[in-house]
Amino acid sequence: MDKTLNVVELECSACGKKYDASIEQHVCSCGKPLLALYDLRRAAATLTLESLKSRPRTLWRYAEVLPNDPPVSLGEGMTALVHAERLGASIRCGQRGLQSLYIKDEGLNPTGSFKARGMTTAVSRAKQLGAKALAAPTAGNAGGALAAYAAAAGLPAVIVMPADTPSANVMECQAFGAKVIKLNGLISDCGKYVAEHKDREGWYDVSTLKEPYRIEGKKTMGYELWEQFGGKLPDVILYPTGGGVGLIGMCKAFDEMQEMGWIGATRPRMVAVQAEGCAPIVRAWEAHQSSAQFFPNAATVASGLRVPGPLGDLMILSMLRQTKGTALTVTDEEMLHAGRELASLEGILAAPEGAATVIAARKLAASGWIQPEETVVLFNTGTGYKYAEAWQRALQSADGGAL
């Protein structure tokens, strides 16, 4: 094996089987996702708060804990962490508001969402491994990100999406030169299409958790929080959870940080926020199950949350338990109302998925699960500018006197 690789080996997240990281790998023979492992003792020698001060302000600043391929980068990462004082004051914990409420605004990434993080690492690695064409199913933002990074890498991309995907997502994929295939169905149907055609067509499958490196880009959200909070972590993180790779990635980052001696065993309490119309993780969580069942007839205005059968269900549920977290749903109407609230109070035009975390925080604060003195981070995973249809609906209901 090539000893110059940062990634020492790949390990199955379920059964622990090891794989060679120097060749193309996708999922374990048991069907579960693979995770990249590093020599963290070596990484810790050069990756420090001090050394980070002089590094480029992209996620590739954490080079020691990322695949060390020539980066296909568009300047992703190091997104703003906004102290949301007015919104925090409006979220009541008894008689008090949340004094330390922050929004991590992933809508500021290239292509307008956190998906850019996963695609920079996945596409960089795929190109190094000799991929000839990249393919993935998408419910929205992942497709645009893959199309953009494939274009930057000089590789063709095939994006398979539900026919009712927001028009902005379709147009950006086409603009970047990707081949767009629309299907009547859900992202799960699009995933089946990619799986059935990839070998015959020679596609490198970049589907969620069906290659090991999208997680690596997304875990940098956890590293950034640590850096932006001056070497500390928040008490609570609320994350809109469709495929759940962001949540999984951050928890992986926290484990790596502990192994490098940056933090102790205490973790932020992770909260998975799902749409009422597609909530396989919440349903499993409430039933105290370790795996999720396929959610039938999934429907929500938040296209990124419309993932009825997430492949990472075992990891997501395990991480919620390990961090003493929780999972809850919000309705589409609550999301749309919260989106207007976030925009008018803090100047952030959020995707419905991001707005969902505002409602979840309000519910958890009202119940006492979140305390007023705690530091709380809400993730807005994408820009609202790509959700014209949802925002039109939100503003029409506002005209009816909802806000």
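Modeller: Start with helix H5, residues 141–153. H5 lies across strands S6 and S7. Its direction makes about 170° with that of S7. Keep in mind that this is a predicted model.

Now the strands under that helix. S6 covers residues 134–137. S6 is joined to S7, residues 157–162, by 4 bridges, and the two strands run parallel. Ala 135 stands opposite Val 158 in S7, and Pro 137 stands opposite Val 160 in S7.

S6 and S7 belong to an open sheet of 4 strands. The order is S8-S7-S6-S9, and the pairing is parallel. The edges are S8 (179–183) and S9 (204–205), each of which pairs on one side only.

Look at one pairing inside it. S5 (residues 100–105) and S13 (residues 375–380) run parallel and share 6 bridges. Leu 101 has Val 376 in S13 as its bridge partner.

The largest nonpolar core has 61 residues. Leu 247, Met 250 and Leu 320 have the most contacts inside it. Helix H10, residues 245–259, supplies the largest share of this core, 8 residues. Another core lies apart from it, with 32 residues, among them Ala 84, Val 273, Leu 305 and Ile 359. In soluble globular proteins, nonpolar side chains tend to be buried together.

Leaving out residues up to four places away in sequence, Met 250 touches Lys 219, Met 221, Gly 222, Leu 225, Ile 237, Tyr 239, Met 270 and Phe 379.

H9 is mostly covered, with 8 of its 9 residues buried. The buried set includes Glu 224 and Glu 227 as well as Met 221, Tyr 223, Leu 225 and Trp 226. Just after H9, Gly 230 takes a positive phi of about 70°.

Now the rings. The whole structure holds 6 aromatic pairs. One of them is Phe 114 with Tyr 239, edge-to-face, 6.0 Å centre to centre and 80° between the planes. Phe 114 sits in the loop between S5 and helix H4 (115–128), and Tyr 239 in strand S10, so the pair ties together parts 125 residues apart in sequence. Both Phe 114 and Tyr 239 are buried. Then take Tyr 223 and Trp 262. Their ring centres are 5.7 Å apart and their planes stand at 90°, so this pair is edge-to-face. Tyr 223 and Trp 262 are buried. Together with Tyr 62 and Trp 226, they form one aromatic cluster.

Two arginines sit over rings. Arg 61 lies over the face of Tyr 62, 5.9 Å from the ring centre. The charged end of Arg 269 sits over the ring of Trp 369, 4.4 Å from its centre.

Finish in the loop between S5 and H4, which also holds Asn 109. Is Asn 109 buried or exposed? Its relative accessibility is 6%, so Asn 109 counts as buried. Outside four places in sequence, Asn 109 touches Glu 76, Gly 77, Thr 79, Phe 114, Ala 116 and Arg 117. Asn 109 and Gly 354 are 245 residues apart in sequence, and their C-alpha atoms are 14 Å apart in space.

Note on methods. Residues are numbered from 1 along each chain as its sequence is written. Side-chain values use heavy atoms; hydrogens and water are left out. A nonpolar core is a set of buried Ala, Val, Leu, Ile, Met, Phe, Trp, Tyr and Cys residues joined through side-chain atoms within 4.5 Å. Buried means under 20% relative accessible area, exposed over 50%, partly exposed in between (1.4 Å probe, protein chains only). Contact means heavy atoms within 4.5 Å. Two strands pair if DSSP finds at least two bridges between them. Rings of Phe, Tyr and Trp (its six-membered ring) pair if their centres lie within 6.5 Å; planes under 30 degrees apart count as stacked, over 60 as edge-to-face and the rest as tilted. A charge sits over a ring if NZ of Lys or CZ of Arg is within 6 Å of the ring centre and within 35 degrees of the ring normal. Axes are lines fitted to C-alpha atoms, for helices over the stretch in contact, and angles run from 0 to 180 degrees between N-to-C directions.
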